Amino acid sequence: MRVIKTINLLLILFIIALSLNLVLSNKIGIYFEDMRNQVEALYGSVVPLSFDINKTKCLFHNDDRLNEIPIDSCCAEIQKQIACKQVSGQSDFKCFVSESSERYYLIDRNTINYCEEEGYNAKIK
Amino acid sequence: MPKLNNDFLQTIVLLTIILVLLFFNWTLSKAESESSEIKEPTNVLFDKSTNTLQLDSLTLKQKIAQMIVTNGDENAKDELQKMLIGGIYLGAKPSKESYIDSIKNFQDGAAIPFFVTIDLEGCWNPFENFQKFPTLKEIKTKEDAYQVGFDEGKLLKELGFSIDFSPVVDLNDTIWNCRSFTGTPEEIAEKANFYIKGLQENGILATSKHYPGKTLSIRDPHQYITYATIDDSDLMPFKKTIGSNVSAIMISHVIVNGLVDSESKPSVVSQKLVSGLRNQFAGLIVTDEVHMLGLYKYYTDADRMCVDLFKADNDLVLYFDANPKDLYHMISIVEDAVKRGEISEKRIDASVTRILEAKGIQVV
């Protein structure tokens, strides 16, 4: 009895040590990202299925006109801008080089999520 | 007896937890050891006093890395320098100083200088906060085209850039409505030539795009894989700019037939199409950004896409994913393809030589 209790105590200590190794090295957060990379390495990465890309919104404003931009071009364009700011009173975001510029992109949360998942960084303010 | 069972059950549960934790720790240390394979490029024999680089001092991975241009994310600077990535692409910044500082930060300590790239694409002006330029659509004469090219080139040189992925020589832009020149194909070609002259007189490498044409004129925003029939007028601006010594040509993801045939594949991965261009053009052949769905959706396997991009005769691959791990993965996949003979190392060497020479480095 005592032997088993001692073994269990040692096992608990071992669990604590292993958990600390993960937590203190700040590895938990990257674990799932890493698992994704491994899955991609095995099966090849595919376009994520979690978004309906037909429901994303990306409009380019120029000369008082709004032109619809394909989502793939949009992600690269958004990443190039200085910042994206939520339009007051709306759920959309305006992405721009200069806040006063007449040329800017108007995107929604779906677009931001999709582009982030694809590895692009929109600079949300 | 029940007491013994309880303790024993506890032991089994604890052992199971340990096994799970051991698995977590093992997979992570494996990932870490893979990343730590990226070492300081101390092997590179580059004599900066004579600007001469010994090509065979580069590992195969380093040669492949030289063929990649990625997003210039300063958080990834160390990894990009260690991997020997060929170039960085910079987006908008608030001031001249922020560009100069950022470029200096990347170039300081780089074993081989990065190509520093941007695309002043028609109406995209990342310098809007401190310098205005007319859009390509607003340029009316060849003299204006030269002046705009010259002014942009002067600023790019001052900030530390080396390549401008511009001008667009597609005959029409129905997506942004401001990225292409206007006029007849002859007028577009003429303006493009003068604009390129202005850029290149300042030591900036100009890029005619998007070969073989019709890239900005046929897109339905919800249709990613696009098709076009190419005729003489689409190709004419490319031929004219090649004749005027444009430094680079960017290939599109459109699937084409007609005068140029991409074998039912996106143009950028068609060996026939890219090699056909190579036969007429000795400069740098650059891919359009590879995450674009016109290419990405054509493949179910992104690794296959990476191999095909390098297998075709492209010199520079634009890959704007900000994650260095994904870059390293791409390099490893292409290295494997070279090792198993699917891509010849000679073909990689030819591209790397072109890239280094375009950087002003003598290759021996």
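This is a predicted model: local features need pLDDT of at least 70, side-chain atom pairs count only at pLDDT 80 or more; totals for chains, interfaces and linings use all residues.
**Exercise 1. The second largest pocket**

*Solution.* Finally, sort the lining by class: five residues are nonpolar, six are polar and five are charged.

**Exercise 2. The largest cavity**

Work out how many cavities of 30 Å³ or more the structure holds, then describe the lining of the largest cavity.

*Solution.* Begin with a general idea. Rolling a probe the size of a water molecule over the atoms shows where empty space is left. Here, five cavities reach 30 Å³ or more.

Now turn to the largest cavity, with a volume of about 330 Å³. There are 28 residues in its lining, and nearest the centre lie A:Ser73, B:Glu121, B:His210, B:Asp288 and B:Met292.

The top contributor is α3(A), which gives five.

Last, the classes: the lining of the largest cavity has twelve nonpolar, six polar and ten charged residues.

**Exercise 3. The second largest cavity**

Give the volume of the second largest cavity and name the residues that line this cavity.

*Solution.* The volume is about 80 Å³. Go through the lining chain by chain. From chain A come Phe60, Gln81, Val97, Arg103, Tyr104 and Tyr105, while chain B brings Cys123, Trp124, Asn125, Glu128 and Arg179. Sorted by class, this lining holds six nonpolar, two polar and three charged residues.

**Exercise 4. Two helices in chain B**

Decide how α6(B) and α7(B) are oriented to each other, and list the residues where the two helices meet.

*Solution.* Two packed helices are described by the angle between their axes and the distance between the axes. For α6 (residues 185-200) and α7 (residues 232-243) of chain B, the axes come within 9 Å and cross at roughly 25 degrees. Angles under 35 degrees count as roughly parallel, so α6(B) and α7(B) are roughly parallel to each other. Their crossing is right-handed.

Now for the residues in contact. On the α6(B) side are B:Pro185, B:Glu186, B:Ala189, B:Ala192, B:Asn193 and B:Ile196; they meet B:Ser233, B:Met236, B:Pro237, B:Lys240 and B:Thr241 of α7(B). By class, this contact is made of six nonpolar, three polar and two charged residues.

Technical notes
Residues are numbered from 1 along each chain as its sequence is written. Chains are lettered from A and ligands numbered from 1 in the order in which they are written. Side-chain values use heavy atoms; hydrogens and water are left out. On a 1 Å grid over the protein atoms alone, a cavity is a set of points where a 1.4 Å probe fits but cannot get out, and a pocket is an open set with protein on both sides within 12 Å along at least five of seven lines; lining residues have an atom within 4 Å of a point. Grid points are joined across faces, edges and corners, and a volume is the space filled by probe spheres set on the points. Helices (H or I, at least four residues) and strands (E, at least two) are DSSP runs, numbered from the N terminus. Ala, Val, Leu, Ile, Met, Phe, Trp, Tyr, Cys and Pro count as nonpolar, Asp, Glu, Lys and Arg as charged, and the others, Gly among them, as polar. Axes are lines fitted to C-alpha atoms, for helices over the stretch in contact, and angles run from 0 to 180 degrees between N-to-C directions. Angles under 35 degrees count as roughly parallel, over 145 as roughly antiparallel, 65 to 115 as roughly perpendicular and the rest as oblique. A crossing is left-handed if the near helix is turned anticlockwise from the far one by less than a right angle, and right-handed if clockwise. Contact means heavy atoms within 4.5 Å.
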